[in-house]
Structures are given as structure tokens and as C-alpha cells.
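User: I would like to learn how to read the strands and helices of a model. Please take me through one case.

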Amino acid sequence: MELKTIRWITEDGIGQLALNQPPSNTMDRRFFDELSLLTRMVIPGSGIRALVVYGTGRHFSSGADPADLCRRVRETLPSNYPQEIPAFLSMARDSFQYIEKLPVPTFAAIRGVCLGSALELALACRFRICAEGAVFGFPESSFGLMPGCGGTVMLTKAAGSQKAIELLLGGRNFSAGEALEMGLVHRIVSRKTVVEETLKIAKGMISTLSL
């Protein structure tokens, strides 16, 4: 499959997974198919020693559009649409869990918005470096939904159950500063340099682990 929604680069032992549908890098059905391909077929044999995930352009990602995902699944699988929804969610969760369990340092470099499924993807990484002015949130409750790719568990681990319940049920957005206070991000840097800074940190960690 030719990658259209993701840009995959390996350089200096670091895999760079860039969400590549600017300006908002929406996570549509094709994105999840391509992410599944990468986590099943490409990354396992790549020999990378670290992984950095980021979005091209101004934003990390606005996350998945539930209405768009349902429409695309329905169009693609008209004969067994209801039965395929759990299979699709399982595929998406498997991709995120693969990243979460990678035995190498994993980083999310976050600028702009990081919402819903995008925040789940960021939480699947061990380290999160964000830019000044970044905006986070789980808006799923406003659609009558809950995060479906492991976000409830990952958010609870990172921020504690009380804060996780507030954010998941309230659906409000929150700032980079609040994310830092909660422990959801590890460092706030300049918007212009967040990807470069994260790659630098990844290279330094690789060097340290090699000693």
C-alpha cells in the first residue's frame, strides 16, 4: 500500500512517523489502515532504535472524525457494516498498543491541537514533548462516545483516576501548561523547534543506551 496519510522516514536509527494530512492531520479510515500496515509490516523489521511521532504542518492532529469513520466503514463494507465496527476498533487499538509496547524509546512531538484519538496516540508514546500553545482534549463525550484506542487506561495511568474521569466525561480542552502539571507531557519547548528538539532528545537517549 502506498502511504498517503503518513510519512515514514528512518534516519540515524530513529523512525519518524509523521501524520501527513495537513492542516489538521485528521485520522480517517485510510490513516488507521496505513498505521496498521506500518505497525504490522514495516516497523517490526526496520531496526529502529527510537521512534518519534509528530504531525506535519501546524498541528499534531485533530483526531478522528467519528461521523467520517462510520461513513467510510459503511461505504467500504456495506454487507456487514455492524459486525465490522468492533473489528475496526480492534485493529486501531492493536496499532496503538504496538507503539505502547515497543522496546525502544518512543516520543510524541506535539504542536497545535492534539485531540481525541491523536491524544491516545501521543499517550501510547513513553515521552511527550509539546510546543507552547498546544491544546489537548478528549472531546468524544460530546458525541456520546468514549475513547476507543486505549485512552481511558493510558490517561488514568498518566494523570490518575480522578483527573482522568473529569477530562473524559467533561470533554473540555486543556493547555500545555495544565498537561505538564498533570504529567501528560514531559517538557514544553518552542513551537518552531519542537520536532527538532524531540529528535535531539531521542538521539541523546540512543547514545546513552549504547554506552
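User: Which elements make a right-handed β-α-β unit here?

Analyst: First, the basis: this is a predicted model, in which local features need pLDDT of at least 70 and side-chain atom pairs count only at pLDDT 80 or more, while totals for chains, interfaces and linings use all residues. Residues are numbered from 1 along each chain as its sequence is written, and side-chain values use heavy atoms, with hydrogens and water left out. Helices (H or I, at least four residues) and strands (E, at least two) are DSSP runs, numbered from the N terminus. A crossover is right-handed if, with the strands pointing away from the viewer, the path from the first strand over the helix to the second runs clockwise. Here the unit consists of β2, helix α1 (residues 29–42) and β3.

User: How many bridges join β2 to β3?

Analyst: Two strands pair if DSSP finds at least two bridges between them. Strand β2 (residues 14–19) runs parallel to β3, and six bridges join them. In this pairing A18 stands opposite Y54 of β3. On to β4 (residues 106–110): β3 is joined to this strand by four bridges, again parallel, with V53 opposite A108.

User: What order do the strands of the open sheet have?

Analyst: The six strands follow the order β1-β2-β3-β4-β6-β9, with mixed pairing. The edges are β1 (6–11) and β9 (187–189); each has a single partner strand, so one side of each lacks a neighbour in the sheet. On average, neighbouring strands are turned by 20° against each other, direction ignored. Axes for such angles are lines fitted to C-alpha atoms, for helices over the stretch in contact, and angles run from 0 to 180 degrees between N-to-C directions.

User: Which strands does helix α4 touch?

Analyst: Contact means heavy atoms within 4.5 Å. Helix α4 (residues 117–124) packs on the sheet and touches β2, β3, β4 and β6, its direction making about 140° with that of β4. Helix α8 (residues 194–210) lies across β2, β3, β4, β6 and β9, at about 165° to β4.

User: Is strand β3 enclosed or open, and why?

Analyst: Buried means under 20% relative accessible area, exposed over 50%, partly exposed in between (1.4 Å probe, protein chains only). Six of the six residues of β3 (residues 50–55) are buried, so the strand is largely enclosed by the rest of the structure. Both faces are covered: A50, V52 and Y54 on one side, L51, V53 and G55 on the other.
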